Amino acid sequence: MKKYVIIAFVAVSGLFSVNAMAQSKVGHINAQALIEAMPEAQTAQKTLQQFAEELDKDGKGLIEEYQKKLTEFDKSAATMTDNMKEIKTKEIQTAQKNIQDYQESAQQKIEAKRAEILKPIYDKARKAIEDVAKEKGYGYVLDSSAGVLLVSPASDDLAPAVKTKLGIK
């Protein structure tokens, strides 16, 4: 008899939890479009562009050095000894490797700068989304910009409310 009471209790509590889950509101937002609409994101993009241009200027010096060595080698290759050709070829290869290393390093610096600049913007957008979801009673908010869900239940778009909260028109 005790087993039947426990089983009945579990079954009834399961029904209530399913009913509670069914009543959870689902909303969606295109987080990428929201972030792009934020003025801070536009400022961050300009800052990142300037940073990349500065790195590009430094890289151009290495490319000019490489081209200079290559031109000198082409002009004087006919009069060089085999030993000198080998030395100059190694210098050219070293200059080429320096360019590749610099490009990889620059790309890593740009990615680190992007993460550093965009983190506060992402945090601000996430907080606004969470606040609006809480204020309006949404249990779940899906990011429609990711496009991961192929089928989902009908949901409300929270973008207008979040943009209002952030002061974006």
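Does Lys-25 count as buried, exposed or partly exposed, and at what relative accessibility? I looked this up before anything else. Lys-25 counts as partly exposed because its relative accessibility is 35%, where buried means under 20% relative accessible area, exposed over 50% and partly exposed in between (1.4 Å probe, protein chains only).

**Entry: ground rules.** I noted that this is a predicted model, in which local features need pLDDT of at least 70, side-chain atom pairs count only at pLDDT 80 or more, and totals for chains, interfaces and linings use all residues. Residues are numbered from 1 along each chain as its sequence is written, and side-chain values use heavy atoms, with hydrogens and water left out.

**Entry: overall layout.** I found five helices and three strands in the protein, these being DSSP runs numbered from the N terminus (helices H or I, at least four residues; strands E, at least two). From the N terminus the order is α-β-α-α-α-β-β-α. Buried residues are 21% of the 169 residues. Of the contacts (heavy atoms within 4.5 Å) with a separation of 6 or more, 84% join residues 24 or more positions apart.

**Entry: Lys-25 again.** I placed Lys-25 in strand S1, residues 25–29. Leaving aside neighbours within four places in sequence, Lys-25 is in contact with Lys-136, Gly-137, Tyr-138, Gly-139 and Tyr-140. Lys-136 lies 111 residues away from Lys-25 in sequence, yet the two are 9.1 Å apart, C-alpha to C-alpha.

**Entry: H4 and H5.** I checked how helix H4 (residues 82–136) meets helix H5 (residues 159–166): their axes come within 9 Å and cross at roughly 120°. Axes here are lines fitted to C-alpha atoms, for helices over the stretch in contact, and angles run from 0 to 180 degrees between N-to-C directions. H4 is therefore oblique to H5, as angles under 35 degrees count as roughly parallel, over 145 as roughly antiparallel, 65 to 115 as roughly perpendicular and the rest as oblique. On the H4 side, the residues that meet H5 include Lys-124, Ala-128 and Lys-136; on the H5 side they are Ala-161, Val-162, Lys-165 and Leu-166.
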